[in-house]
Amino acid sequence: MKQAYLIEMINDQPEISVTYFLPDIKKSGGAYVTVTGKLKHFNEYESLLILTDSKKIPMDDIADIECESLQRNNLIVACHATKPNTIFLII
């Protein structure tokens, strides 16, 4: 469901903040990092969010997505996702 909302908004390139798990390449474990950027593309085949700065974020590693207020059908909509494939819309 979250993917459908993000795909609908891609043409507007909304600014999103994504918190996701970034594995450590040298040892087990990793850290949660947050990046902010404009959404450019959703690669459904590889399940990646791609930002305008070419940053690729695996959907399976996303812990949280936040969007600033978005204009949609003349309503201000805030979206917040707390787990993969879940989105909450506050109108």
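The confidence of the predictor in each residue is expressed as pLDDT, on a scale from 0 to 100. The structure is a predicted model, in which local features require a pLDDT of at least 70 and side-chain atom pairs count only at pLDDT 80 or more, while totals for chains, interfaces and linings use all residues. Residues are numbered from 1 along each chain as its sequence is written, and side-chain values use heavy atoms, with hydrogens and water left out.

The protein has an average pLDDT of 77, and 69% of the residues score at least 70. For residues 69–77, where pLDDT remains under 50, the model has 18 contacts (heavy atoms within 4.5 Å) beyond four places in sequence. For residues 84–91, also under 50, the model has 28 contacts beyond four places in sequence.

The secondary structure consists of 1 helix and 8 strands, taken as DSSP runs numbered from the N terminus (helices: H or I, at least four residues; strands: E, at least two). From the N terminus, the order of elements is α-β-β-β-β-β-β-β-β. Strands count as paired if DSSP finds at least two bridges between them. Strands β1 and β2 run antiparallel and are joined by 9 bridges; Leu-22 stands opposite Ala-31 in β2. These two strands form a hairpin with 6 residues between them, and Gly-29 in the turn has a positive phi of about 105°. Strand β1 also pairs with β5 in the antiparallel sense, over 5 bridges, and the bridge partner of Ser-17 in β5 is Glu-66.

Of the 91 residues, 32% count as buried (buried, under 20% relative accessible area; exposed, over 50%; partly exposed, in between; 1.4 Å probe, protein chains only). The accessible surface, from the Shrake-Rupley method with a 1.4 Å probe and with only the protein chains shown counting as cover for residues, comes to about 6000 Å², of which 50% belongs to carbon and sulfur atoms. Of the contacts with a separation of 6 or more, 38% are between residues 24 or more positions apart.

A nonpolar core is defined as a set of buried Ala, Val, Leu, Ile, Met, Phe, Trp, Tyr and Cys residues joined through side-chain atoms within 4.5 Å. The largest such core has 16 residues, of which Ile-16, Val-18, Leu-39, Leu-49, Ile-57, Ile-62 and Ile-65 touch the most other members. Two or more residues of this core come from each of α1, β1, β2, β3 and β5 (62–67). With residues up to four places away in sequence not counted, Ile-57 touches Val-18, Tyr-20, Val-35, Ser-47, Leu-48, Leu-49, Leu-51 and Ile-62.

The structure holds 1 aromatic pair, formed by Phe-21 and Tyr-32 in an edge-to-face arrangement, 5.3 Å centre to centre and with 65° between the planes. Phe-21 lies in strand β1 and Tyr-32 in strand β2, so the pair ties together parts that are 11 residues apart in sequence. Rings of Phe, Tyr and Trp (its six-membered ring) pair if their centres lie within 6.5 Å; planes under 30 degrees apart count as stacked, over 60 as edge-to-face and the rest as tilted. Phe-21 is partly exposed at 26% relative accessibility, whereas Tyr-32 is exposed at 56%.

Most residues other than glycine have a negative phi. Gln-13, in the loop between α1 (2–9) and β1 (15–23), has a positive phi of about 45° and is partly exposed, with a relative accessible area of 33%. Ser-47 has a positive phi near 55°; this residue is in the loop between β2 (30–43) and β3 (48–51) and is partly exposed at 22% relative accessibility.
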